[in-house]
Amino acid sequence: MQAKKRYLTLLSAGTCLALLLYLGGVRLRAARHPPPGSRHGPRPGGAERPWPRFPDALRPFAPAERPGPEGGGRVSPRQRRDSSAGLYRGRRCRMESCFDFAQCRKNGFKVYVYPQQKGEKIAESYQNVLAAIEGSRFYTSDPGQACLFVLSLDTLDRDQLSPQYVHNLRSKVQSLHLWNNGRNHLIFNLYSGTWPDYTEDVGFDIGQAMLAKASISTENFRPNFDVSIPLFSKDHPRTGGEKGFLRFNTIPPLRKYMLVFKGKRYLTGIGSDTRNALYHVHNGEDVVLLTTCKHGKDWQKHKDSRCDRDNAEYEKYDYREMLHNATFCLVPRGRRLGSFRFLEALQAACVPVMLSNGWELPFSEVIDWNQAAIIGDERLLLQIPSTIRSIHQDKILALRQQTQFLWEAYFSSVEKIVLTTLEIIQDRIFKHISRNSLIWNKHPGGLFVLPQYSSYLGDFPYYYANLGLKPLSTFTAVIHAVTPLVSQSQPVLKLLVAVAKSQYCAQIIVLWNCDKPLPAKHRWPATSVPVIVIEGESKVMSSRFLPYDNIVTDAVLSLDEDTVLSTTEVDFAFTVWQSFPERIVGYPARSHFWDNTKERWGYTSKWTNDYSMVLTGAAIYHKYYHYLYTHYLPASLKSMVDQLANCEDILMNFLVSAVTKLPPIKVTQKKQYKETMMGQTSRASRWADPDHFAQRQSCMNTFASWFGYMPLIHSQMRLDPVLFKDQVSILRKKYRDIERL
């Protein structure tokens with residue numbers, strides 16, 4: 001029986017082999033006799049069809065000109081493939097291979113924006129992007145000085161179905177005489193691809209240009225070349241932006257809802273799987289995940305059995321109420337990897353739970369998102385609730401605090417998003433002075449810590465605690481002199497002597513901004529500390545805040561020439577500053593208020609228990625603020641100050657409060673403090689000028705407009721010496737002379 005089976009098996013195998021040989025022979029004979037009309041000669045009628053001929057087998061692998069969907073019509077699959085191939089032709093680009101460093105090292109990091117072409121439409125969002133660049137310290141109008149180039153052609157929305165889509169972009173870009181195949185160019189993009197697959201194709205060949213792109217995947221992201229930016233709405237503010245919603249730290253940091261989401265559910269197409277599965281986790285109590293099918297023109301054609309129930313549940317909850325009362329916010333992918341929910345959660349201090357596999361998170365090159373978000377996996381959706389419930393309350397509070405820092409530092413406005421992008425690129429170019437992770441992920445953030453000032457963290461006033469350091473125990477006094485020295489009894493000489501007697505004074509710098517020549521050396525009183533007289537070159541108000549090399553201490557005691565201070569007051573103020581080195585500490589306080597009748601900010605010098613500014617006529621602050629004032633603030637604000645010979649102290653307060661998010665500190669109030677009224681013929685008579693107060697009102701509103709918000713913060717705290725005014729023996733008090741003033 002077994003032998004019979006083996007015989008049948010061998011017979012079947014032999015028959016199959018013979019049949020294959022016969023058919024192969026027929027094919028080979030047919031190949032030797034080409035069909036008529038072919039270049040190989042005639043073929044007899046009735047002969048078999050030949051093997052298919054591939055004229056160029058390597059064609060799919062060769063770079064070709066992209067046909068591109070420039071006309072906005074229906075796009076074939078082949079066109080999409082070719083389009084993607086064109087987009088990522090430079091996918092191996094890195095800074096070392098596709099960027100020219102020479103111009104940057106020659107002229108510094110300067111950014112040029114192409115002039116707008118006639119008839120070209122630019123959406124408001126892209127106008128905000130360009131305005132942020134043109135208003136920054138990086139901008140140059142000279143392309144010959146530029147290190148980086150940005151198109152004026154709107155590239156933000158490259159969805160062909162969008163009304164903002166710019167047609168024929170490929171030819172328009174190629175016609176730019178500075179394009180140079182995209183080298184040293186930066187392209188901003190929020191939306192790419194279109195229905196149904198939403199690819200990351202921007203619709204034209206970017207060449208060697210860098211992409212600042214939202215919803216970019218890790219697969220297509222070119223590390224240390226592209227920049228991942230957040231998806232922001234057209235209503236996102238250009239400057240300033242709202243503050244985060246975490247007003248105080250609640251302990252325990254738990255809210256009404258543990259996890260929330262409210263958004264669209266896609267019934268078909270890309271991005272539908274994750275949101276369609278959310279109902280498995282929703283419990284209607286502390287995990288509220290709501291979706292609706294009710295969007296789009298033909299949603300009813302595709303509705304499933306859950307749509308009606310989901311739509312009814314969706315309408316029961318207010319999104320804002322959920323957002324502000326949730327501990328965690330789910331951020332699932334939509335049609336694209338990014339979502340508006342991401343920025344909304346950050347602002348609301350609702351810890352984002354990312355559910356978008358493959359998304360290169362915004363500014364991931366510098367931001368450690370593990371300190372502010374939970375990175376989930378779409379494939380492990382059912383484990384999300386148990387995972388977040390296991391997070392300790394201390395960790396939750398830290399995550400929420402970090403969301404607020406990141407929101408206000410990098411995401412609250414279009415300007416901050418654009419400036420963060422540019423700063424990241426600048427750090428790549430000048431690696432030897434680039435910011436480290438601590439700077440980017442700790443207050444005040446990378447935008448306010450300029451590495452050109454120093455590469456050592458201990459030179460900044462924000463990291464003493466992190467490094468276990470303290471500021472130097474001495475200060476440099478800078479006295480701003482604008483009046484000729486005609487008498488030995490002038491206030492400036494008395495002030496100089498009093499300051500020189502301070503045990504903490506290292507040196508005194510007199511900034512001579514007077515029209516008269518410098519006084520002879522013997523006119524200055526003899527002191528135990530060096531007195532350096534510097535003649536101001538431009539004789540302008542802003543020169544008092546220049547980063548002079550002569551300032552060798554961390555602390556600067558800024559003084560007007562007519563200030564009246566005792567040595568004891570100076571010592572006490574400096575002692576207080578050592579505990580608050582990032583703030584302005586001093587004596588003369590002023591305040592701001594909102595004038596409802598005029599709908600503008602007001603300035604007041606009334607003596608009250610409330611203040612928001614400490615004037616730099618008698619104040620101590622870190623010398624880094626001289627550098628920041630000079631190199632961070634725009635020339636327009638400094639020019640305004642110089643033209644008015646006024647408001648420089650207000651501008652410095654704006655700057656320091658914007659950086660620290662804290663008010664200044666006023667020390668023991670001295671009723672006798674007055675700005676000495678000097679002769680009307682003197683340049684120092686600005687306090688007697690009737691226009692002086694009106695100018696300061698105007699300055700307040702101009703400064704607030706540039707910052708995009710009012711950075712000044714009110715305070716009612718005043719620091720006094722221990723036992724100040726207490727009914728005890730004067731001998732028990734360290735700063736006993738202050739009470740006698």
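The largest pocket of this predicted model holds about 1,300 Å³ of space. A pocket here is an open set of points on a 1 Å grid over the protein atoms alone, where a 1.4 Å probe fits and protein lies on both sides within 12 Å along at least five of seven lines; its volume is the space filled by probe spheres set on those points. Lining residues, those with an atom within 4 Å of a point, number 42, and Tyr 198, Lys 264, Tyr 266, Arg 335 and Arg 336 are the closest to the pocket's centre. By class, the lining comprises 16 nonpolar, 13 polar and 13 charged residues, with Asp, Glu, Lys and Arg counted as charged. Domain 1 (83–228) and domain 2 (257–409) each give at least three residues to this lining, the bounds coming from an automatic or database domain assignment.

Residues are numbered from 1 along each chain as its sequence is written. Local features need pLDDT of at least 70, side-chain atom pairs count only at pLDDT 80 or more, and totals for chains, interfaces and linings use all residues, while side-chain values use heavy atoms, without hydrogens and water.

Elsewhere, an open, antiparallel sheet has three strands in the order β19-β18-β20. Strands are DSSP runs (E, at least two residues) numbered from the N terminus, and two of them pair if DSSP finds at least two bridges between them. At the edges, β19 (600–604) and β20 (613–614) each pair on one side only. Two bridges join β18 (residues 589–595) to β20, and Arg 590 stands opposite Met 613 in β20.

Key: Helix = DSSP H or I, 4+ residues; strand = E, 2+ residues; numbered from the N terminus.
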